[in-house]
Amino acid sequence: MTLAPSTNSVDPLLQDIVGPTPGQQLRRRFFGHRGLMIGASVVAVLLVIALLAPVIAPHDPYAQDLLARMKPPVFLGGTWEHILGTDHLGRDYLSRLIYGARVSLLIGFVAALISGTIGTAMGVAAGYFGGRTDAVVTFLINVRLAMPVVLVALAVVAILGGSLQVVIGVLGLLLWDRFAVVMRASTLQVRGREYVSAAQAVGASTPRILLSEIMPNILNNLIVVITLEMAHAILLEATLSFLGLGVQPPTPSWGLMVSEGKNMMLFEPWLVLIPGAVLFVLVLAINLMGDGLRDVTAPENRS
Amino acid sequence: MSQNNFRQDIPLLSIDNLTIDIPTAAGTLHAVRGISFDLKRGETLCIVGESGSGKSLTSLALMGLLGKNITPRADKMEFDGVELTTASARTMRNLRGARMSMIFQEPMTSLNPAYTIGDQLMEALTLHGSTNRKKARARAIELLEKVGITAAESRLSQYPHQLSGGLRQRVMIAMALMCEPELIIADEPTTALDVTIQAQILRLLAELQREMNMAMILITHDLGVVARVADKVAVMYAGELVETGPVDEIFAAPSHPYTRGLLRCIPLPGKTKRGSVLGTIPGIVPSLVGEVNGCTFRTRCEHASPACRGTIPLHTSPTGTHTFRCIHQPEDLETDAVQSTGANA
Amino acid sequence: MLNFILKRLGLAFLVALTVSFISFSLLFLSGDPAIALAGEGATDQDVVAIRELYGFDRPMLVQYASWLVNALSGDFGESYYFKLPVSSLIADRLSVTMLLGLCGISFALLTAVPLGVIAAIRPNSIIDRFALFLSVAGQAMPSFWFGLILIVAFSIKLRWLPPSGTDSWRHFIMPTVVLGYYAMPAIMRLTRAGMLDVLSSDYIRTARAKGASEMRVMFKHALRNAIIPVVSLAAVQMGFMLGGSIVVESIFALHGAGYLAWESISRNDLPTVQALILVFSMFYITFTFLADVLNAWLDPRMRSS
């Protein structure tokens, strides 16, 4: 029967009561989603801070002052000169945090771009062409998943040397698996729709079908994965840097700052707590944004 | 079973003014409104009506299987003297499967894929008594044979996915009968099955019902089935019981315009003239969200008048068994040119 | 079923072979491994000598083949740094990592599954919200930072737990939590989603109609079906976890295989690194294979086909 005892199955009855257009509904869902709004706001603020780092940062993040080492933050009895104190080389902690946002966001963004390109190409090809292509891509995904990411990334960075470019490149080449998995599944779903068959029937070329029929319809999933993988890349970079095999000193990276603070943890735990907390907040915000986007663009997948 | 015969004339099930409201985001959905009927042991009641008319909700309410956020209200909903609306969860659990059973319309998904047929059949018994496994097994085999499954013993170790839909529904029936229930509710038990199997399953159900002297509520939209198995018929429309009575009286003299419409929609052997056009009932069921008043059929009724918005009287036939809810008297509706039923009346 | 296992085994073997090739190729990423190995200040003669000593002058595929043949017999060569057979180095360290991984996945399952079940039974309740919060926060928490916070709190401030080492079970508490929490969000979400899905199914209604108690409905009828995909996920997570043990072991100074990996990477000890990558991959491949078989066995639909 249509009237099963759950409120969900009553919804079809309500549809004629709800009036707004799809666009209005999307906008309403978008702005009405608290997690998405919070996440997006935090990311936006951190993005502005990163872009305007030279303007905002009170000090040069590289300037050492060996006479003013490990000054505590204001709230732990420090001075306003160094709001978040200074590190073991007397560098202003706040300024290093602000510049660190640049590193994290840059790495996250570019790595997600690279892995997104690779993964999407593989996933779409597998989903659209199927058969042998699909088998090969699925196999490659299996191989990729079998490789321990942190270990391989560390090894490659160790061999090639830890520069920003190398870290970005390694992460970009390693994190394509989720893109491939999701894009493959989405393409499979879209491929069977009537408008794709229609395009094939009128003789549209394959690249044309992929670009103008498939891509627009899997874009929402792609955007969700991009945000989630950005967060993933940022976390991994911090991990690599923490283990001393990511971004190299004196570049201000949050993972590196935690690592440098680790030795003074016994006496000055804030050296570890502050950069870690900022990293946590950024990743949390991006994840909230990604989860929110998924909810908003595919409400039927929500339970 | 001797006690059953002893109390044959007392209703096993007695429902008075059953109402089910479902809270939704848009307001309260008045899914079932003021339903009343009695059912004696050994009697078969067919509930007829279209999808969404509240047939399934009514039966789920009887079984105490409505969702957590839905509480049925009734002046009376008694099963053999037990008031079901106020019964504790434990009381309901002890009744369910033991004294009242239900067969659902989706045999393909109603069996747990993770357990064997035998496990699931025996569970029905072990849940209600301390029968040992050996006895439960013997009973399971006995019932599988009873519902016409060959090689019953070897079926016990099979999983649901290894059986066809028809077989699965037979298993569901066997499961419902494990504890010899006094009431069995079958909610469109054949809609998901092939036409040829539908007839077999219904015949089986009717036979078993007679054999075990159970009361049965059969929910269906197949009026042909109703004609064959029902003692009583209840016609539901948009959450209300619009007409109820003995099967002969309903078929011979349908009184509510909706019932008449329904009967016009199906060919009846001996009643429908060859070549005549079958009827349809145009229009859609109104929304039951928010305030519902008057006759809900008025949007589709050819006899509708402004008075249909008001209170609708309940007419009772001289025999006292046939009732219907309409502002018109049956005589007033004779202008309704009913080819099929009128021919015989 | 046997067919399925054989097919799956073949795939696992191919994946393992590919991974072995990739981890072997790492050696050549730097260009000439002999130069890297000789270190700074080595003469050309030194480099040539090393090249011949290690056989770097042979074609790459030949080197791979001989490495693989040796690896199959458990010989991963000699560590550049420790000057010991790599296989015995790893064997010594593996037990700590395995123990840690086992504790980690147990911790994750024992917390995430009940939480997921409760969240599904009472959607939108406080527990559901708490579980959701935990899973969102858990995914964003950098594990190295989480580990350090635990050390600050429980070792430095409260002095309840030792910050490092492997001497007693108390040394394993914090590493277990840090390693296990990583797998929790995914397991919890999948348990919750699976339970919600199963609980709305027809056979749950059948079980209730039979008169089964809510406990019986939840655990015998619902969880049994909802847990099947969780088994696979747990295996995958266990594989990821062992790979991620490098972080946890370096924070808590647990001298397991992850710690060995960190040491050998820092020291450019390529034979050890190659072997460890292969070993960790093999764990992942084995776990996922076993999970698929277990899965097929748990699901009667697959078992009998």
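Predicted model: local features only at pLDDT ≥ 70, side-chain atom pairs only at ≥ 80, totals over all residues.

Modeller: Of the contacts in chain B with a separation of 6 or more, 67% are between residues 24 or more positions apart. The chain exposes about 14700 Å², with carbon and sulfur atoms supplying 51% of that area.

The domain assignment divides chain B into domain 1, covering 13-230, and domain 2, covering 255-344, and the C-alpha centres of these two domains of chain B lie 29 Å apart. Where the two meet, 13 residues of domain 1 of chain B are in contact with 12 residues of domain 2 of chain B. The size of an interface is often given as the accessible area lost when the parts come together. For domain 1 and domain 2 of chain B, that buried area is about 950 Å², and 61% of it lies on carbon and sulfur atoms. On the side of domain 1, Arg33(B), Glu50(B) and Leu223(B) together supply 49% of the area that this domain buries against domain 2 of chain B, which is more than any other three residues supply.

One of these three, Glu50(B), also forms a salt bridge with Arg300(B), in which the closest N and O atoms are 3.3 Å apart. Across the interface of domain 1 and domain 2 of chain B, the rule finds 1 salt bridge.

Methods:
Residues numbered from 1 in each chain as written. Chains lettered and ligands numbered in written order. Heavy atoms only, no water. Contact = heavy atoms within 4.5 Å. Areas by Shrake-Rupley, 256 points an atom, 1.4 Å probe, with all protein chains shown as cover. Domains from an automatic or database assignment. Buried area = accessible area lost by both parts, 1.4 Å probe. Salt bridge = Lys/Arg side-chain N within 4 Å of Asp/Glu carboxyl O.
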